[in-house]
Amino acid sequence: MEYYNYLKSLHLIFVITWFAGLFYIVRLFVYQIEANEKPSPEKEILQAQYKIMTYRLWYIITWPSAVLASIFAFSLLYLNPGLIYLDYMQVKFGFVFALYLYHAKCHQIFKQLQNDEVKYSNNFMRLWNEGATIILFAVVFLIIVKSAINWIFGVIGIFLFSIIIMLGFRFYKKIRERK
C-alpha cells in the first residue's frame with residue numbers, strides 16, 4: 001500500500017488532463033463548425049488547421065489521459081476493493097460511465113468532422129461543451145463529500161448550475177447576434 005498515494009496522484013493528474021482535453025476538443029469543434037461557414041479559401045485553411053489541432057489533442061492528450069486515468073483507477077480499486085461497496089463510489093461509477101459515454105460521443109463527432117461531415121450546429125456544440133463540466137462537478141462533490149445521500153443536493157446544484165449555464169449561453173448568443 002506504500003504506492004497507493006502515488007497511484008491516486010497519477011489517477012488525479014490524468015483525470016485532470018482528460019477533462020482538459022474534453023473541454024478543449026469541443027471548443028475546437030465549435031471553431032471547426034464555424035469555419036465551415038466561411039468563404040473560400042479561408043474555410044479550407046481554417047478547417048485544415050482545426051483538423052490537425054483536434055487530431056493531435058484527441059490522440060496525444062485526451063485518449064491517452066482517459067486510458068491512463070482508467071488504468072490508475074482500476075489499480076486503486078484492485079488495491080482497495082472495499083471502495084466498490086461504498087454508496088458514494090457506486091454513484092460516482094455511474095457518473096464515470098456517463099463520462100465514458102460523453103467521450104465516445106465526442107469521438108464520433110471528431111471522426112465526422114475529420115471527414116468534413118458537419119452534423120451539429122455551433123450552438124449545439126457550445127451546449128454540449130457543458131456536459132463534461134456537469135459530470136466534473138458531480139464527481140468532485142461526490143468524492144469530497146463522500147456521501148451517497150448528500151450527492152442529491154449536489155445534483156440539484158448541478159441542475160441549477162446547468163440552468164445558469166443555459167441562461168448565460170442564451171445571453172451570450174443574443175450579444176453575438178447583435179454584432
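## Basis

This is a predicted model, in which local features need pLDDT of at least 70 and side-chain atom pairs count only at pLDDT 80 or more, while totals for chains, interfaces and linings use all residues. Residues are numbered from 1 along each chain as its sequence is written, and side-chain values use heavy atoms, with hydrogens and water left out.

Not counting residues up to four places away in sequence, Phe29 is in contact with Thr54, Cys106, Ile109, Phe110, Leu113 and Met125. Contact means heavy atoms within 4.5 Å.

## Helix α3

From first C-alpha to last, the 28 residues of α3 reach 41 Å, close to the 40 Å expected at 1.5 Å a residue. The expected span is 1.5 Å times one less than the number of residues. Asp116, which follows α3, has a positive phi near 60°.

## Pocket and cavity

On a 1 Å grid over the protein atoms alone, a cavity is a set of points where a 1.4 Å probe fits but cannot get out; a pocket is an open set with protein on both sides within 12 Å along at least five of seven lines, and lining residues have an atom within 4 Å of a point. The largest pocket holds about 880 Å³ and is lined by 30 residues, with His11, Met89, Lys92, Val139 and Ile143 nearest its centre. That lining divides into 24 nonpolar, 3 polar and 3 charged residues, and α1 gives the most, with 8 residues.

There is 1 cavity of 30 Å³ or more. Its lining consists of Gln32, Asn36, Gln47, Leu113, Asp116 and Val118.

## Arg176

Arg176 sits in helix α5 (residues 151–178). Arg176 counts as partly exposed because its relative accessibility is 26%, with buried meaning under 20%, exposed over 50% and partly exposed in between (1.4 Å probe, protein chains only). Arg176 touches Asn123 and Arg126, not counting residues up to four places away in sequence.

Methods
Points joined across faces, edges and corners; volume = space filled by probe spheres on them. Helix = DSSP H or I, 4+ residues; strand = E, 2+ residues; numbered from the N terminus. Nonpolar A, V, L, I, M, F, W, Y, C, P; charged D, E, K, R; others polar.
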